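Dear colleague,

Please find below the structure we discussed. My notes on what was found follow after it.

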Amino acid sequence: MNKPAKEKTNKVIRFQTGLQESRRVVSNGLIEKITTFRNTRALDSMATVLITVFGWTAIFVLIGIAGFLIHSSMRAFDEVGIWSMIAGTDWFPTSSDARYGFLPAQVGSIWVTIVALAACVPIGVLSAVYLSEFASSRFREIAKAIIEFMVTIPSVVFGLIGLSVLVPLIREYLPVDSGLIGLTAGLIVGVVCLPTIISISEDALRSVPRELRHGSFALGNTRWQTAYKVILPAASSGVFAAVMLGMGRAIGETMVVLMLAGNAGIIPGSPLEAARTMTGTIAQETGEVVRGSVHFAVLFALGLVLFVSTFIINLIADMVLERSRKKWRR
Amino acid sequence: MVKTPATAMTSSVEAVASKTASFDLQNVSVSYGSEKALEGVSFYIEPLKVTALIGPSGCGKSTLLRCFNRMNDAIDNVSVEGLIALNGQDIYAKAVDPVSLRMYVGQVFQRPNPFPLSIYDNVAFGPRTQGVRKRDELDEIVIDSLKKAALYDEVKNSLKKHAFELSGGQQQRLCIARALATKPGVLLMDEPCSALDPISTGMIEETVLHLKESMTIVMVTHNMQQAARISDTTAFLLRESIEEPATLVEVTDTTTMFTQPNDKRTENYITGRFG
């Protein structure tokens, strides 16, 4: 006989003996039950309201940021025009014949991002494969803890290391006049993105069911064959999402590019030239600009471009990630 | 204990592959870390027969099955002692490469586990690993394997379809076809019908009866009717308490096992008195 039933029978027996005390115990228990029930209900609905409010706050903040950016950049749209900004090749915000073309900054951002991804995607994905398929569980746990700690290191620290280590090396070994170029910034931005890519790819690889690994081993595949023929394709959408998130991080990275990219206001033809990025431009010029001027509004418009591009990248990453999660929910 | 001298791995696996396969187990024990899961198992698995491993949950049936193709190697902390000989070759000898062993000793798992690929690519997976590249050669292997697994008629017009679009029973037969494509001499089946409906189960049982004409089959099952229906030999494993490792209680031909078991514990189990 199970326990609640036993208690119930006990209560009935005691009830039947007609003892005053046992009757009080039963009725007290009942009242307690009813009042607890009422309290839980009140708490429950309060919690629901709170959680709903907090949940919506995040969304309102996002909408608020977008609205604020659009509102603040209205003057730029009116006086400069959206196309002459997005497709403009010159950035002379302080000259008497001011030009506000975003192309130098956009191309700079693209070069830095390409270099960063070229550096960190192969390393990141292979590290993730190693951690998930080859490393012992003890090593994996330690490595993951370290990698997740790396995410919290302020990027200015990486910038500093880049300045003191990478810049002299680049100047020494590459045919460039200065070490402060897109390539240098891109490589260090790659290091900044690396933990994100490793961590999320590793999660995606490990979420592939164990049965698939065993199925592949049982067919006479080695660990490496299993990893690249079964596990990587199965986790491809998750790995892709990791790359996209890393890319979002690379485009948004400010401090490292400000310190290392050289910040020249020209369209860089290759990563071997000094570049300025969208983030770098905003960070550098906001402090010096007259509030309410056209230049001020143009910087907000640039911020809006940045916001939209990272938003789209993260959205794609999220959608792909969601699809990969659904794949194994059979 | 007689250990066959270790020869080079490829030659040894090829040598055994030319004959029908039998397993000889002598005093086999398996431990997970310091805990012994299975102790002192000795018996002979006859070629071209279906051998069923039965016993209550946690009695080490699957653990024992995974010894036959060294799948235990893929699990941390597992150590296997004693001798497991495939046609006289100790498969735990240093010279034996588990990877080529597994091409000859195929396995079908408890839950269907097709790869996220097309039906064709699933079956062609093993042969491609073995280096088969020619299109017509692959086609032949794929069609032949699907026919043997009794799946061909249902999928012959949709070989390019994604494997996940198949039903559970079809997926399991696809996994059998995938295992057959490497032309194994032994097929290990770990409760292959436990996730399937009775009709799919019937089809797989029929397939197994057909397959034993050309290969040795070792099957773990919880379903005693299934063991009685399709196996020639039955081995009963039992772990009598949590502190002790599981042991082999009795191994005999299936009819004897289910009509006049030697051991009282076997009788209790097959008549449903416990487990």
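Of the 330 residues of chain A, 38% count as buried, where buried stands for 20 or more other C-beta atoms within 10 Å of the residue's own, exposed for 12 or fewer, and partly exposed for anything in between, with C-beta atoms placed from the backbone. This is a predicted model, in which local features need pLDDT of at least 70 and side-chain atom pairs count only at pLDDT 80 or more, while totals for chains, interfaces and linings use all residues. Residues are numbered from 1 along each chain as its sequence is written, and chains are lettered from A and ligands numbered from 1 in the order in which they are written.

Chain A

Chain A has 14 helices and two strands; helices (H or I, at least four residues) and strands (E, at least two) are DSSP runs, numbered from the N terminus. The average pLDDT of chain A is 86, and 86% of the residues score at least 70; pLDDT is the predictor's confidence in each residue, from 0 to 100. Within chain A, confidence is lowest in helix α1 (residues 3–16), with a mean of 52, and highest in helix α5 (residues 103–134), at 95. Where pLDDT is low, the predicted coordinates should not be read in detail.

The domain assignment of chain A gives domain 1 (3–72) and domain 2 (83–327); such bounds come from an automatic or database domain assignment. Four residues of domain 1 of chain A are in contact with five residues of domain 2 of chain A, contact being defined as C-beta atoms, placed from the backbone, that lie within 7 Å. On the domain 1 side of chain A, the residues that touch domain 2 of chain A are three nonpolar, one polar and no charged. Here Ala, Val, Leu, Ile, Met, Phe, Trp, Tyr, Cys and Pro count as nonpolar, Asp, Glu, Lys and Arg as charged, and the others, Gly among them, as polar.

Among contacts in chain A between residues at least 6 apart in sequence, 74% join residues at least 24 apart. A:T310 sits in helix α14 (residues 294–327) of chain A. Leaving aside residues up to four places away in sequence, A:T310 touches A:G248, A:I251 and A:G252. A:T310 counts as partly exposed because it has 17 C-beta neighbours inside 10 Å. A:T310 and A:V61 are 249 residues apart in sequence and 16 Å apart in space, C-alpha to C-alpha.

Between the chains

How many residues does each chain give to the contact? Chain B gives 20 residues and chain A gives 15 residues. On the side of chain B that touches chain A, the elements with two or more residues are α3, β6 (105–108) and α4 of chain B. Of these, α3(B) gives the most, with four residues. This side of chain B divides into eight nonpolar, eight polar and four charged residues.

Chain B

Helix α4 (residues 119–129) of chain B has eight of its eleven residues buried, so it is largely enclosed by the rest of the structure. Among the buried residues of α4(B) are B:I119, B:V123, B:F125 and B:P127. Their cover includes α10 (223–234) of chain A, together with α3 (98–104), α5 (135–148), α6 (152–155) and α7 (168–180) of chain B. After α4(B) comes B:G131, with a positive phi near 100°.

One open sheet of chain B has four strands in the order β2-β1-β4-β5, with antiparallel pairing; two strands pair if DSSP finds at least two bridges between them. Its edge strands are β2 (35–45) and β5 (89–90) of chain B, each pairing on one side only. Strand β4 (residues 78–86) of chain B is joined to β5(B) by two bridges, and B:L86 has B:Q89 as its bridge partner in β5(B). In the loop between β4 and β5 of chain B lies B:N87, a residue other than glycine with a positive phi near 50°. B:N87 is buried, with 21 other C-beta atoms within 10 Å.

Another open sheet of chain B has six strands in the order β6-β7-β8-β3-β9-β10, and its pairing is mixed. The edge strands of this sheet are β6 and β10 (247–253) of chain B. Strand β9 (residues 233–238) of chain B runs antiparallel to β10(B), with six bridges joining them, and B:L237 stands opposite B:L248 in β10(B).

Regards

Conventions
Contact = placed C-beta atoms within 7 Å.
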